[in-house]
Amino acid sequence: MGVIVDEQVLTCSIPPARFFKAFFVDSINLLPKILPTIFKSIEYTEGNGGPGSIKVFSFYQGNEVKLMKHKVEEIDEANLVYKFSIIEGANMGVVFESVKSVNKVEASPDGGCILKSTVTCNTKEDNENVIQESIRKSKESLVGFFQAVVGYLHSNPDAYK
(Lines give C-alpha, C1' and ligand atoms only; values in the text may rest on other atoms or scores of the structure.)
Protein backbone atom coordinates (compact mmCIF):
# COMPACT_ATOMS: atom_id res chain seq x y z
CA MET A 1 0.00 0.00 0.00
CA GLY A 2 1.28 3.44 -0.86
CA VAL A 3 0.37 7.03 -1.58
CA ILE A 4 0.53 8.57 -5.04
CA VAL A 5 0.08 12.30 -5.58
CA ASP A 6 -0.56 13.37 -9.14
CA GLU A 7 -0.84 16.98 -10.31
CA GLN A 8 -2.29 18.31 -13.53
CA VAL A 9 -2.41 21.89 -14.81
CA LEU A 10 -4.72 22.96 -17.64
CA THR A 11 -5.17 26.45 -19.07
CA CYS A 12 -7.79 28.21 -21.17
CA SER A 13 -8.96 31.68 -22.14
CA ILE A 14 -12.21 31.50 -20.14
CA PRO A 15 -12.40 33.80 -17.07
CA PRO A 16 -11.92 31.86 -13.81
CA ALA A 17 -15.33 32.41 -12.17
CA ARG A 18 -17.19 31.53 -15.36
CA PHE A 19 -15.19 28.34 -15.85
CA PHE A 20 -15.60 27.32 -12.18
CA LYS A 21 -19.35 27.82 -12.31
CA ALA A 22 -19.72 25.73 -15.47
CA PHE A 23 -17.21 22.98 -14.67
CA PHE A 24 -17.80 22.48 -10.96
CA VAL A 25 -20.97 24.21 -9.74
CA ASP A 26 -23.25 23.16 -12.61
CA SER A 27 -21.54 19.98 -13.80
CA ILE A 28 -24.65 17.89 -13.08
CA ASN A 29 -26.49 19.78 -15.83
CA LEU A 30 -23.70 20.77 -18.21
CA LEU A 31 -21.62 17.60 -18.63
CA PRO A 32 -24.51 15.32 -19.69
CA LYS A 33 -25.70 18.06 -22.06
CA ILE A 34 -22.37 18.55 -23.84
CA LEU A 35 -21.09 14.94 -23.53
CA PRO A 36 -24.29 12.92 -24.08
CA THR A 37 -22.46 9.83 -25.34
CA ILE A 38 -20.46 9.59 -22.11
CA PHE A 39 -22.81 10.66 -19.34
CA LYS A 40 -26.22 9.06 -18.96
CA SER A 41 -26.86 11.30 -15.96
CA ILE A 42 -25.25 13.12 -13.05
CA GLU A 43 -27.31 13.77 -9.96
CA TYR A 44 -27.10 14.43 -6.26
CA THR A 45 -28.46 11.52 -4.24
CA GLU A 46 -27.70 13.33 -0.99
CA GLY A 47 -27.48 17.08 -0.49
CA ASN A 48 -27.69 19.85 -3.08
CA GLY A 49 -24.05 20.33 -4.04
CA GLY A 50 -22.59 21.63 -0.81
CA PRO A 51 -20.12 19.82 1.45
CA GLY A 52 -21.26 16.29 2.27
CA SER A 53 -23.35 15.99 -0.91
CA ILE A 54 -23.08 12.75 -2.86
CA LYS A 55 -22.86 13.16 -6.63
CA VAL A 56 -23.56 10.06 -8.73
CA PHE A 57 -22.21 9.83 -12.28
CA SER A 58 -23.94 7.26 -14.51
CA PHE A 59 -22.03 6.37 -17.67
CA TYR A 60 -23.28 4.64 -20.80
CA GLN A 61 -22.58 0.93 -21.11
CA GLY A 62 -19.68 1.34 -23.57
CA ASN A 63 -17.58 2.95 -20.86
CA GLU A 64 -15.38 0.97 -18.51
CA VAL A 65 -16.90 2.54 -15.39
CA LYS A 66 -20.70 2.30 -15.20
CA LEU A 67 -21.22 4.31 -12.03
CA MET A 68 -19.05 6.57 -9.89
CA LYS A 69 -19.89 8.37 -6.67
CA HIS A 70 -18.18 11.52 -5.44
CA LYS A 71 -18.53 13.07 -2.02
CA VAL A 72 -18.22 16.85 -2.12
CA GLU A 73 -15.72 17.78 0.58
CA GLU A 74 -15.59 21.53 -0.08
CA ILE A 75 -16.94 23.99 -2.61
CA ASP A 76 -15.63 27.52 -2.20
CA GLU A 77 -17.01 29.76 -4.95
CA ALA A 78 -15.24 32.83 -3.57
CA ASN A 79 -11.79 31.22 -3.84
CA LEU A 80 -12.68 28.87 -6.72
CA VAL A 81 -11.78 25.67 -4.88
CA TYR A 82 -13.59 22.34 -5.29
CA LYS A 83 -12.60 19.26 -3.32
CA PHE A 84 -14.11 15.81 -3.56
CA SER A 85 -13.46 12.17 -2.70
CA ILE A 86 -14.33 9.23 -4.92
CA ILE A 87 -16.33 6.86 -2.74
CA GLU A 88 -17.44 4.29 -5.33
CA GLY A 89 -16.36 3.25 -8.82
CA ALA A 90 -13.02 3.90 -10.54
CA ASN A 91 -11.31 0.88 -8.94
CA MET A 92 -12.29 1.94 -5.41
CA GLY A 93 -11.80 -0.88 -2.97
CA VAL A 94 -9.87 -2.92 -5.54
CA VAL A 95 -6.86 -0.84 -6.58
CA PHE A 96 -7.42 2.24 -4.42
CA GLU A 97 -8.26 2.54 -0.74
CA SER A 98 -9.14 6.22 -1.19
CA VAL A 99 -8.94 8.95 -3.83
CA LYS A 100 -9.16 12.65 -3.01
CA SER A 101 -9.11 15.49 -5.51
CA VAL A 102 -8.36 19.17 -4.86
CA ASN A 103 -9.15 21.54 -7.72
CA LYS A 104 -8.26 25.21 -7.76
CA VAL A 105 -9.09 27.63 -10.57
CA GLU A 106 -6.82 30.67 -10.76
CA ALA A 107 -6.61 33.69 -13.03
CA SER A 108 -4.01 33.59 -15.77
CA PRO A 109 -2.17 36.73 -16.94
CA ASP A 110 -4.13 36.79 -20.23
CA GLY A 111 -7.54 37.00 -18.52
CA GLY A 112 -8.22 33.29 -18.80
CA CYS A 113 -7.77 30.67 -16.14
CA ILE A 114 -5.56 27.89 -14.89
CA LEU A 115 -7.05 24.71 -13.44
CA LYS A 116 -4.73 23.06 -10.95
CA SER A 117 -5.88 19.58 -10.01
CA THR A 118 -4.11 17.49 -7.37
CA VAL A 119 -5.24 13.91 -6.86
CA THR A 120 -4.04 11.87 -3.89
CA CYS A 121 -4.49 8.12 -4.19
CA ASN A 122 -4.00 5.68 -1.36
CA THR A 123 -3.35 2.40 -3.11
CA LYS A 124 -4.65 -0.92 -1.91
CA GLU A 125 -2.38 -3.16 -3.93
CA ASP A 126 1.12 -3.00 -5.33
CA ASN A 127 0.29 -3.56 -9.00
CA GLU A 128 2.12 -0.54 -10.42
CA ASN A 129 0.86 -1.12 -13.99
CA VAL A 130 -2.81 -1.18 -12.98
CA ILE A 131 -2.36 1.87 -10.76
CA GLN A 132 -0.57 3.92 -13.42
CA GLU A 133 -3.10 2.90 -16.11
CA SER A 134 -5.99 4.00 -13.89
CA ILE A 135 -4.30 7.35 -13.20
CA ARG A 136 -3.55 7.82 -16.92
CA LYS A 137 -7.21 7.22 -17.84
CA SER A 138 -8.35 9.61 -15.14
CA LYS A 139 -6.02 12.35 -16.43
CA GLU A 140 -7.22 11.81 -20.02
CA SER A 141 -10.83 12.08 -18.85
CA LEU A 142 -10.13 15.36 -17.06
CA VAL A 143 -8.53 16.79 -20.20
CA GLY A 144 -11.50 15.68 -22.32
CA PHE A 145 -14.08 17.12 -19.93
CA PHE A 146 -12.05 20.34 -19.62
CA GLN A 147 -11.84 20.75 -23.40
CA ALA A 148 -15.56 20.05 -23.82
CA VAL A 149 -16.51 22.68 -21.24
CA VAL A 150 -14.12 25.24 -22.72
CA GLY A 151 -15.50 24.57 -26.21
CA TYR A 152 -19.06 24.97 -24.96
CA LEU A 153 -18.24 28.24 -23.19
CA HIS A 154 -16.53 29.62 -26.30
CA SER A 155 -19.55 28.68 -28.43
CA ASN A 156 -22.00 30.10 -25.87
CA PRO A 157 -20.48 33.40 -24.71
CA ASP A 158 -23.53 34.34 -22.60
CA ALA A 159 -23.60 31.05 -20.64
CA TYR A 160 -22.47 31.09 -17.01
CA LYS A 161 -21.83 34.82 -16.74
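Going from the N terminus, the order is β-α-α-β-β-β-β-β-β-α. On overall shape, the radius of gyration is 15 Å, close to the 15 Å from the globule rule for 161 residues, so this protein is as compact as a globular protein of that length. If you like boxes, the C-alpha atoms fill one of roughly 45 × 30 × 30 Å along the principal axes.

Bear in mind that this is a predicted model. The mean pLDDT is 92, and 96% of the residues reach 70 or more. Helix 1, residues 16–25, has the highest confidence at 98, while helix 3, residues 128–155, has the lowest, at a mean of 92.

Now, the inside. Buried residues account for 44% of the 161. The largest nonpolar core holds 43 residues, and Phe 19, Leu 115 and Val 149 have the most contacts within it. Which helix gives the most to this core? That would be helix 3, with 10 residues.

Setting aside neighbours within four places in sequence, Leu 115 touches, among others, Val 9, Leu 10, Phe 19, Phe 23, Phe 24, Val 105, Leu 142 and Phe 146.

Next, the aromatics. There are nine aromatic pairs in the whole structure. Take Phe 19 and Phe 146: the ring centres sit 5.2 Å apart with the planes at 55 degrees, so we call that pair tilted. Phe 19 is in helix 1 and Phe 146 is in helix 3, so the pair ties together parts 127 residues apart in sequence. Buried or exposed, then, for Phe 19? Buried, at 0% relative accessibility. Phe 146 is buried too, with a relative accessible area of 5%.

There's another tilted pair, Phe 39 with Phe 145, at 5.2 Å centre to centre and 50 degrees between planes. Here Phe 39 comes from strand 2, residues 39–46, and Phe 145 from helix 3, which puts the partners 106 residues apart. Both of these are buried as well.

Back to Phe 19 and Phe 146: ring pairs link them into a cluster with Phe 20, Phe 23, Phe 24, Tyr 82 and Phe 84.

The accessible surface comes to about 8,400 Å², and carbon and sulfur atoms make up 52% of that. That's it from me.

Methods
Residues are numbered from 1 along each chain as its sequence is written. This is a predicted model: local features need pLDDT of at least 70, side-chain atom pairs count only at pLDDT 80 or more; totals for chains, interfaces and linings use all residues. Side-chain values use heavy atoms; hydrogens and water are left out. pLDDT is the predictor's confidence in each residue, from 0 to 100. Helices (H or I, at least four residues) and strands (E, at least two) are DSSP runs, numbered from the N terminus. A nonpolar core is a set of buried Ala, Val, Leu, Ile, Met, Phe, Trp, Tyr and Cys residues joined through side-chain atoms within 4.5 Å. Buried means under 20% relative accessible area, exposed over 50%, partly exposed in between (1.4 Å probe, protein chains only). Contact means heavy atoms within 4.5 Å. The radius of gyration is taken over C-alpha atoms; the globule rule is 2.2 Å times the number of residues to the power 0.38. Accessible areas come from the Shrake-Rupley method with a 1.4 Å probe; for residues, only the protein chains shown count as cover. Rings of Phe, Tyr and Trp (its six-membered ring) pair if their centres lie within 6.5 Å; planes under 30 degrees apart count as stacked, over 60 as edge-to-face and the rest as tilted.
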